[in-house]
Number of protein chains: 2
Amino acid sequence: MDRIDVPSDVVIRRLPLYARSLRYLLDEGIHSVSSQELGERINVTAAQIRKDLSYFGEFGKQGIGYDVEKLLNHIERILGLTQRWPVVLIGVGYLGQAIARYDGFNNQGLHMVGLFDSDPAKIGQLVGELPILAYARLHDVIREQHVRLAIIAVPATYAQAVADMLIESGVRAILNYAPVILQTPDDVWVRYIDPVAVLHSMTYYLAREGGEIS
Amino acid sequence: MDRIDVPSDVVIRRLPLYARSLRYLLDEGIHSVSSQELGERINVTAAQIRKDLSYFGEFGKQGIGYDVEKLLNHIERILGLTQRWPVVLIGVGYLGQAIARYDGFNNQGLHMVGLFDSDPAKIGQLVGELPILAYARLHDVIREQHVRLAIIAVPATYAQAVADMLIESGVRAILNYAPVILQTPDDVWVRYIDPVAVLHSMTYYLAREGGEIS
């Protein structure tokens, strides 16, 4: 069965969670899983999983479930994770340090290739194995290493200027930790990591539960 | 006009972004804004903003726009941010340090009141003004300070056990940085900060643009 409809972004955002769960299963030595079991691990219904995967082909067999390794490989291929994507990080404050040291960004298709900061005192310092470079080097590193993915961890006031630089140099997808919405061309992907906004969306519910607001 | 329908979670998640934009406007000395102008700052249509706000009453006047300060105060009241919510953080590695030092968690309705780590070598160290405490103190701090919000920044393998402890002590909303889906009771809110999954959802699109996958 060929499906003509295109998966929505919500579906695409769930695929990395499926892949991660499958990796955990493999680590646990589990080689076969039903959509039911997989769903319970990620709080998604079995029907949703089957529907999401149906956009990309036929997986699993009725009554047998999915071959964990095969499905994982397939999802990684769908997500483009069979290659390693070079990533640059701009802003190496406390948050940037934590990002630079997090091995999730040097794994599973990602590869941190450059750290940049505007503070002259930081230039040349090593974070893990990578030296912090000056902004003046940004363009060349992006070009030479064919970087299309970047992480912004600078203060809000500088984030737009940094994004402009990145895009001008060829970056096409930005993960932005700065608490500001970026203005970017239509062919650039931007996603936000915004923990304070997320907490604020939960206080809404807590305030109602607690009777502070009705 | 009283509306009976309840705003969806997607609406609630946008409210903090409106509030932040309004705060920026106030900082810039701007006291009146149209839904058009506000929308352009956060990549939301003017119609969407008007619809979102209509769940909570009547704001703005036709042709005049919103009074920035009034609307901000109103949204903060809706989000429960006129009080300060005590927050605890579990896990003070590189990421936890960055979180503990980020003033976004000590502002606008949030107030970091306790840092916890399982590593005996860290206990007693100060991060900013707060000492790192042992897990043994968790229950008492949560009870005494009436904490209902917690941030988890421990490795994936410990996140579920930490969540269980938090919930048993009275926490009702968790911001989870660990790359694992938590199993929690229905009356507990959990949100995830998952930058690697977010990057992986962008490589999907980049791989197709670049011709690596069709």
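In the predicted model, strand E3 (residues 85-90) and strand E7 (residues 149-152) of chain A run parallel and are joined by four bridges. Within this pair, Ile90(A) stands opposite Ile152(A) of E7(A). Helix H7 (residues 156-169) of chain A packs on the sheet. Helix H7(A) touches E3, E7 and strand E8 (173-176) of chain A, and its direction makes about 165° with that of E7(A).

The sheet of chain A is open and contains seven strands. Their order is E5-E6-E4-E3-E7-E8-E9, with mixed pairing. Strand E5 (126-127) and strand E9 (189-192) of chain A are the edge strands, and each pairs on one side only.

Chain A is assigned two domains, domain 1 (9-78) and domain 2 (85-197). The centres of these two domains of chain A, taken over C-alpha atoms, are separated by 31 Å. The average pLDDT of chain A is 93, and 95% of the residues score at least 70. For the complex, the predictor gives an ipTM of 0.92 and a pTM of 0.92.

Chain B also holds an open sheet of seven strands, ordered E5-E6-E4-E3-E7-E8-E9 and mixed in its pairing. Strand E5 (126-127) and strand E9 (189-192) of chain B each have a single partner strand, so one side of each is left without a neighbour in the sheet. Strand E3 (residues 85-90) and strand E7 (residues 149-152) of chain B pair in the parallel sense, over four bridges. In this pairing, Leu89(B) has Ile151(B) of E7(B) as its bridge partner.

Helix H8 (residues 195-209) of chain A lies across E3, strand E4 (110-116), E7, strand E8 (173-176) and E9 of chain B. Helix H8(A) runs at about 165° to E8(B).

The contact between the chains takes 50 residues from chain B and 50 residues from chain A. On the side of chain B that touches chain A, at least two residues each come from helix H1 (9-27), H2, helix H5 (94-101), E8, E9 and helix H8 (195-209) of chain B. H8(B) supplies the largest share of that side, 14 residues. By class, the residues on this side of chain B divide into 32 nonpolar, nine polar and nine charged.

Helix H2(B) also packs against two helices of its own chain. The axes of H1(B) and H2(B) come within 10 Å and cross at roughly 105°. The two helices, H1(B) and H2(B), are therefore roughly perpendicular to each other. Leu17(B), Tyr18(B) and Ser21(B) of H1(B) meet Leu38(B), Arg41(B) and Ile42(B) of H2(B). This contact of H1(B) with H2(B) has four nonpolar residues, one polar and one charged.

From H2(B), Ser35(B), Gln36(B), Leu38(B) and Gly39(B) take part. They meet Ala46(B), Ile49(B) and Arg50(B) of H3(B). The contact of H2(B) with H3(B) has three nonpolar, three polar and one charged residues. Leu38(B) takes part in the contact with H1(B) and in the contact with H3(B).

Methods. Residues numbered from 1 in each chain as written. Chains lettered and ligands numbered in written order. Predicted model: local features only at pLDDT ≥ 70, side-chain atom pairs only at ≥ 80, totals over all residues. Pairing = 2+ DSSP bridges. Contact = placed C-beta atoms within 7 Å. Axes fitted to C-alpha atoms, helices over the stretch in contact; angles between N-to-C directions. Nonpolar A, V, L, I, M, F, W, Y, C, P; charged D, E, K, R; others polar. pLDDT = per-residue confidence, 0-100. Domains from an automatic or database assignment. Parallel < 35°, antiparallel > 145°, perpendicular 65-115°, else oblique.
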